[in-house]
Structure formats: C-alpha cells, structure tokens
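Me: I would like to learn how to read the helices and the core of a model. Please show me the structure and start with a single residue.

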Amino acid sequence: MRSILLIIIAVLALASCKTQQTVITSNKKPVQKPQIIKENTLVKRYPAAEDYIQRFKDIAILEMNKYGIPASITLAQGLLESGNGNGSLAREANNHFGIKCGSEWKGRTILKDDDQKNDCFRVYNNPEESFRDHSQFLLRKRYAALFELNKNDYQGWALGLKQAGYATNPRYADLLISLVERYDLHQFDKKETQIAKIKREDKVLEKVVSNIPEEKNIAASKPAVAMKIHQVNAGDTLYSISKRFGITEAEIKILNSLESDKLNPGQLLLVSK
C-alpha cells in the first residue's frame with residue numbers, strides 16, 4: 001500500500017513539473033522576424049482619372065479596333081486634354097480632345113479663348129462622337145506614318161504625334177507616356193500579328209489618302225488642338241500656378257477635381273479654362 005502511495009505521489013509531482021514548464025514556455029515572447037519595408041515606388045494615381053478611364057476605356061478600345069489607334073494613347077490624350085473630363089470644353093461641348101473647328105467642320109461650335117480670343121471649337125452631342133471624331137481627325141496625311149506602327153506601340157505613337165505637330169507642348173510625348181504608364185493604360189492595347197498589322201495598315205491608310213486633305217491656309221498650319229497642361233514642380237502652389245496662367249485657384253481645383261490645396265511634384269494639372 002505504501003509503495004502504491006509513493007508511485008501516485010511521484011506521478012503527481014512529475015505532472016506538476018510538466019505543467020509548470022508549459023506555463024513558463026507559454027510566457028515566452030515569440031521571436032519577431034525583422035520587418036522588411038519596401039520603398040513605395042508607385043506614382044500617385046488620382047480618383048478622377050481612374051473614373052475617366054473606367055467610363056471611356058470601352059470606347060477607346062472600340063476606336064482602336066476600327067482605326068488602329070492604341071486605346072492607351074486615346075485615353076491618355078483624353079485625360080490630358082480634357083482635365084479628366086472636367087475641362088469646360090468637355091463639360092459644355094462634349095469635346096474631350098480640344099479639336100478646333102477647321103473649315104471642314106459643319107456642326108455646332110463654341111467660342112473659347114485659346115491661342116486667340118474667341119477661338120472656334122467643335123461641339124458634339126455626346127462624348128462618343130468626340131472619340132470618333134478624334135480617330136477621324138488623325139486620318140490626315142501628316143499622321144499617316146503612325147498607322148504603320150503596331151497598335152500596341154504607345155511610345156512610338158506618343159513621339160509620332162509630337163513630331164507631326166499635334167500639340168505645341170515640347171513635353172507632349174513625355175506627358176502621354178507618363179499617363180499610360182501611371183495608369184497601366186497599355187493593358188487595353190491588344191497585340192496584333194504581322195498579318196493583322198498589314199491588313200489594318202492597308203485598310204486605314206487607304207482612308208488616310210482619300211480622307212480630308214491638308215488645309216493650305218495659315219490658320220490650319222497651327223495645331224488644331226487646344227491644350228494647356230502644367231506639370232507641378234517642387235515649390236509650386238495653387239496661388240503661384242494661378243498667377244502664372246491667369247486662372248483662379250478655385251478654377252484649377254474644379255478643373256482637376258482637387259479636394260485640397262496640396263500638390264505633388266509631377267502631378268499634371270489642366271490650366272486652361
């Protein structure tokens with residue numbers, strides 16, 4: 001009986017020791033691995049631009065499939081020239097690409113101060129008409145070389161548009177490429193085979209040759225597209241930008257959907273009313 005009692009006491013003592021060891025072990029703080037913090041290299045994206053892309057990406061893809069203009073380029077130009085759809089021409093005239101009247105335009109018009117006082121701009125019934133007219137606007141001989149590029153070559157298109165005199169801004173190509181890459185717009189460009197490229201070239205270039213001839217008057221030799229974009233530099237403020245471009249701070253905020261006065265270097269602002 002005494003031996004049995006001793007065995008029970010020994011078992012209880014052993015169990016108590018294990019329990020105490022378990023408690024002690026559970027109180028140890030877990031070893032924390034060093035946290036690796038990756039530098040955020042993403043360029044700031046803006047909600048108004050994201051909304052614009054979602055609204056018009058399907059239209060841009062439709063135009064790409066019909067005319068071969070990269071959807072990324074069409075969207076980047078629309079973002080840039082309409083101030084994310086907030087510019088007065090986009091709001092009042094559905095004109096998302098700042099296309100001026102020209103002698104061949106027979107539709108409605110609106111007058112806005114641009115290169116000259118009361119410059120004439122085209123008015124569309126809806127944004128879709130503006131996108132279609134933008135495609136047809138590029139069917140001019142000065143842009144013919146662009147249609148020989150792959151329709152997913154957004155960099156070649158951006159550089160070609162600048163070289164062909166689409167806009168006077170010396171950094172126009174860089175601005176387009178920056179927008180394409182910031183918002184991953186190239187995801188909407190469908191790669192094409194060499195055979196498809198040749199068929200598309202023949203179809204589109206035939207339209208280029210037979211389409212609107214280049215106007216010969218002096219006014220038509222100027223860029224037909226209005227665009228005043230400012231890239232924010234370090235130290236820029238809404239006040240300094242407003243004084244530079246003759247536009248109020250409130251107008252800059254409305255045109256660019258700004259909720260605060262904070263600006264970021266590299267940010268693109270529409271600065272034409």
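Reply: Start with Gly-246, which directly follows H10 and has a positive phi of about 65°. Helices (H or I, at least four residues) and strands (E, at least two) are DSSP runs, numbered from the N terminus. This is a predicted model, where local features need pLDDT of at least 70, side-chain atom pairs count only at pLDDT 80 or more, and totals for chains, interfaces and linings use all residues. Residues are numbered from 1 along each chain as its sequence is written, and side-chain values use heavy atoms, with hydrogens and water left out.

Me: Which residues of helix H10 are buried?

Reply: Buried means under 20% relative accessible area, exposed over 50%, partly exposed in between (1.4 Å probe, protein chains only). In H10 (residues 238-245), the buried ones are Leu-238, Ile-241 and Ser-242. They fall within an arc of 100° seen down the axis, so they line one face of the helix; the arc is that of the directions from the helix axis to the C-beta atoms. Tyr-239, Lys-243 and Arg-244 are exposed on the other side of H10.

Me: What do the buried residues of H10 pack against?

Reply: Contact means heavy atoms within 4.5 Å. The partners are strand E3 (229-231), helix H11 (249-255) and strand E4 (268-270).

Me: How many residues are in the largest nonpolar core?

Reply: Nonpolar side chains tend to be buried together in soluble globular proteins. A nonpolar core is a set of buried Ala, Val, Leu, Ile, Met, Phe, Trp, Tyr and Cys residues joined through side-chain atoms within 4.5 Å. Here the largest has 55 residues, with Leu-138, Leu-161, Tyr-166 and Leu-185 making the most contacts inside it. H2 supplies the largest share of this core, 8 residues.
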